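Biologist: Hi, I'd like to get to know this protein. Can you put it on the screen and walk me through it?
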Amino acid sequence: MVDIGSGSGRFLMWLAKRNSSSMNYLGLEIRPKLVTRAEYWINELGLKNAHFISTNAMVSFQRLVCTYPGPLMLVSILCPDPHFKKKHHKRRVLQKPLVDSIVNNLAYGGQVFIQSDVLDVALDMRNYFDAVPDKLVHIDSVDPSLPCDGDGWVLNNPMGIRTEREIHAEYEGCKIYRRVYKKVQHQLCGS
């Protein structure tokens with residue numbers, strides 16, 4: 001699993017702790033100070049299946065995931081920096097090249113989990129992934145037991161672990177917009 005924009009890494013650490021023998025976790029975070037803190041915590045917790053790298057995912061995602069010997073089963077992008085001003089939208093982490101890299105490297109049956117408490121950002125992310133319907137489908141089309149609202153937003157966090165931002169937003173009374181996609185077409189790494 002790769003978490004893009006992992007922040008201080010608590011969400012990823014909880015997942016790694018819960019699934020210590022079944023999955024590896026990689027957090028990509030552009031701020032080195034947060035990566036240093038996350039690495040310290042995983043060492044303190046003795047987690048061997050979680051790692052963090054200070055990097056710009058837009059630049060390095062493709063290279064990093066293609067060098068990993070196992071399948072990429074899950075990518076999450078949770079509450080990324082919204083960059084509200086239109087002239088700064090180009091700074092948003094999710095852009096078409098990153099989406100293409102995620103989709104092309106995701107294993108068959110793998111999933112993408114996106115989440116934001118800012119509707120404009122959530123819609124932007126959703127539009128990028130909805131633009132590849134031949135390779136990804138919204139999870140409710142393959143798992144109707146996952147409750148969604150009328151607009152297709154997943155009502156509850158399907159990971160079972162809430163992020164720090166999610167907890168804060170819910171405390172503040174903000175809606176969380178979630179979407180989960182499943183890969184339905186097989187493609188080799190980097191092709």
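Predicted model: local features only at pLDDT ≥ 70, side-chain atom pairs only at ≥ 80, totals over all residues.

Biologist: Okay, so which residues of α4 are buried?
Modeller: The buried ones are L98, V99, S101, I102, V103, N104 and N105. That's 7 of the 10 residues of α4, so this helix is largely enclosed by the rest of the structure.

Biologist: What does α4 pack on?
Modeller: Helix α4, residues 96–105, packs on the sheet. There it touches β1 (2–4), β4 (72–78), β5 (106–116), β6 and β7. Its direction makes about 140 degrees with that of β5.

Biologist: And where does α5 lie?
Modeller: Helix α5, residues 119–130, lies across β4, β5, β6 and β7. It runs at about 160 degrees to β5.

Biologist: Let's zoom out a bit. How many helices and strands are there in the protein?
Modeller: You get 6 helices and 7 strands. Starting at the N terminus, the elements go β-α-β-α-β-α-β-α-β-α-β-α-β.

Biologist: What order do the strands have in the sheet?
Modeller: It's an open sheet of 7 strands, ordered β3-β2-β1-β4-β5-β7-β6, and the pairing is mixed. At the edges sit β3 (50–54) and β6, each of which pairs on one side only. From one strand to the next, the twist averages 20 degrees.

Biologist: What holds paired strands together, in general?
Modeller: Strands of a sheet pair through backbone hydrogen bonds, and they can do that in a parallel or an antiparallel way.

Biologist: So are β6 and β7 parallel or antiparallel?
Modeller: Antiparallel: β6 and β7 (residues 177–183) pair over 3 bridges. If you want to spot the pairing on screen, look for V137, which stands opposite K182 in β7.

Biologist: Switching topic: how many residues has the largest nonpolar core?
Modeller: That core has 26 residues, and those with the most contacts inside it are V2, I4, L28, F61, L94, I102 and F129. At least two core residues come from each of β1, β2 (25–29), α3 (57–67), β4, α4, β5 and α5. There's also a second, separate core of 22 residues, with A16, A38, L47 and V154 among them.

Biologist: Back to V2. What is it in contact with?
Modeller: Leaving aside neighbours within four places in sequence, V2 is in contact with L26, L28, F61, V65, L72, L74, V75 and S76.

Biologist: I also clicked on M159. Is that one buried or exposed?
Modeller: M159 is buried, because its relative accessible area is 14%, and the cut-off for buried is under 20%. You'll find M159 in the loop between β6 (136–138) and α6 (164–171).

Biologist: Which residues does M159 touch?
Modeller: Not counting residues up to four places away in sequence, M159 touches F11, L15, R18, L74 and F113. Take F11: M159 and F11 are 148 residues apart along the chain, and their C-alpha atoms are separated by 9.7 Å.

Biologist: How many disulfides are there?
Modeller: A search of the whole structure turns up 0 disulfides. As for cysteines, C148 counts as partly exposed at 23% relative accessibility, and C174 also counts as partly exposed, at 35%.

Biologist: Last one: what share of the whole protein is buried?
Modeller: Buried residues make up 47% of the 191 residues. The accessible surface comes to about 10,000 Å², and 54% of that belongs to carbon and sulfur atoms.

Technical notes: Residues numbered from 1 in each chain as written. Heavy atoms only, no water. Helix = DSSP H or I, 4+ residues; strand = E, 2+ residues; numbered from the N terminus. Buried < 20%, exposed > 50% of the residue type's maximum accessible area, 1.4 Å probe, protein only. Contact = heavy atoms within 4.5 Å. Pairing = 2+ DSSP bridges. Axes fitted to C-alpha atoms, helices over the stretch in contact; angles between N-to-C directions. Core = buried A, V, L, I, M, F, W, Y, C linked by side-chain atoms within 4.5 Å. Areas by Shrake-Rupley, 256 points an atom, 1.4 Å probe, with all protein chains shown as cover. Disulfide = S-S within 2.5 Å.
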